[in-house]
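The following paragraphs lead the reader through one protein chain, from its overall make-up to individual residues. Please keep the sequence and the model in view while reading.

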Amino acid sequence: MPGSIEPLDLCNVQVPYYFRCPISLELMRDPVTVSTGQTYDRTSIESWAATGNTTCPVTRAPLSDFTLIPNHTLRRLIQDWCVANRAFGIERIPTPKQPAEPGMEALAVLVMFQLTESECTGIGSDSNRVVYLSELLFHSSIEVRVNSASLIEAVLAGMRSSDLRAEICNVDEIFAGITDMLKNLSSYPRALRVGVRALFALCLLKQTRHKAVQAGAAETLIDRLTDLDKCDAERALATIELLCRIPSGCSAFASHALTVPLLVKTILRISDRATEYAAGALMALCSESEQSQKDAVSAGVLTQLLLLVQSDCTDRAKRKAQMLLKLLRDSWPEDSIGNSDDFACSEIVPF
């Protein structure tokens, strides 16, 4: 890479290539190092990421984490070079400005440690702090957005007070910010992971689940489901089942063409927990919508449920499968296995 950079002159003085940002090719004023070990000027790499790029510009390796670490040593060297050449008109680069909002570095450090219940309560009981965290979910820095979501999830999980959790969940901007992060930052693994965890924590409170639906969480969860690893997929499916327990949630999921096919496909594919959540969500959807029943049958749910009943899955998952089979009885096609002599109706346990 260094050999490909043409000489850059400032006031007729050649700038060393290692002082120049590989993106802008200009003298770096606020050098920061990314997860691959490469250093860039902060404004350049933030602009690079803001346009949807997820790889290191130099190495092309994926940026698994968008943490920007200030390269103080390089900045001091650049400062020294500027001072040494000031006789030629080179101006000393200014010291990087601190973020407009105080405590950004503290936020990054805070999410690295497990908070005590009293610490979580202290944050959650301060309405100004909660509003501040909700505002940070829309910050221009991806790192700040993700750290804010991570802290919100940690506070919700670490508090026993349902009243305080309700106060946090009543802030509309939190649902909007988390959902937007899942929707637009899905190419960043940590953003996706933290977003799913935070949304699940928010949706545990029944009285504010409608806010998640209003923020577009239902559509976003379905769109992102196939991008998740096992643990995150389980949380996403658990969140889907929770949202399916309210009318607006059922309606939102039912209106998405991929909801039912994806839930059917999930059965027996990811884990026992994922299967249980998927079956529960399908039960809720099919109980409210005949179209969902037809979509489920068309997607092959009958075979999946029969296999589930005979599998080593959890008893709760089997009960949900049996209930769903009973509900879908009238939707079975005439030539389906359910109406043949190969399946004994007595296998469905009465409730």
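What percentage of the contacts in the chain with a separation of 6 or more is accounted for by residues 24 or more positions apart? Such pairs account for 61% of these contacts, where contact means heavy atoms within 4.5 Å. The model is a predicted one, in which local features need pLDDT of at least 70 and side-chain atom pairs count only at pLDDT 80 or more, whereas totals for chains, interfaces and linings use all residues. Residues are numbered from 1 along each chain as its sequence is written, and side-chain values use heavy atoms, with hydrogens and water left out.

The chain contains 18 helices and five strands; helices (H or I, at least four residues) and strands (E, at least two) are DSSP runs, numbered from the N terminus. Of its 351 residues, 48% count as buried. Here buried means under 20% relative accessible area, exposed means over 50%, and partly exposed lies in between, with a 1.4 Å probe and protein chains only.

Strand 3 (residues 31-33) is joined to strand 4 by three bridges, and Thr33 has Thr39 of strand 4 as its bridge partner.

Attention now turns to Gln79, which lies in helix 2 (residues 72-84). This residue counts as buried because its relative accessibility is 6%. A polar atom of the Gln79 side chain lies 2.7 Å from the backbone oxygen of Ile93. A polar contact is a pair of N or O atoms within 3.5 Å; within protein, one must be able to donate a hydrogen and the other to accept it, and residues adjacent in sequence count only if both atoms are side-chain atoms.

The largest nonpolar core has 109 residues, and those with the most contacts inside it are Ile174, Leu199, Phe253, Val301 and Leu305. A nonpolar core is a set of buried Ala, Val, Leu, Ile, Met, Phe, Trp, Tyr and Cys residues joined through side-chain atoms within 4.5 Å. Helix 9 (residues 189-203) gives the largest share of this core, nine residues. Because domain 1 (9-88) and domain 2 (100-215) both give residues to the core, it lies between them; the domain bounds come from an automatic or database domain assignment. For Val301, the contacts beyond four places in sequence are with Val264, Leu282, Ala296, Leu324 and Leu328.

Helix 7 (residues 162-169) has Leu164, Ala166, Ile168 and Cys169 as its buried residues. These residues pack against helix 4 (117-124), helix 5 (127-136), helix 6 (142-158), helix 8 (172-184), helix 9 and helix 10 (209-214).

Further buried residues occur in other helices. Leu242 lies in helix 12 (residues 230-243) and is buried, with a relative accessible area of 9%. Its contacts beyond four places in sequence are Phe200, Cys203, Leu204 and Arg209; Leu242 and Phe200 are 42 residues apart in sequence, with a C-alpha to C-alpha separation of 8.7 Å. Ala218, in helix 11 (residues 217-224), is buried at a relative accessible area of 1%. Beyond four places in sequence, Ala218 touches Ala252 and Phe253. Ser292 belongs to helix 16 (residues 290-298), and its relative accessible area of 3% makes it buried.

Leu25, in the loop between strand 2 (13-15) and strand 3, has a phi near 65 degrees, a positive value in a residue other than glycine. Leu268, in the loop between helix 14 (259-266) and helix 15 (272-288), likewise has a positive phi near 65 degrees. Leu25 is partly exposed at 35% relative accessibility, and Leu268 is partly exposed with a relative accessible area of 36%.

Definitions and conventions: Pairing = 2+ DSSP bridges.
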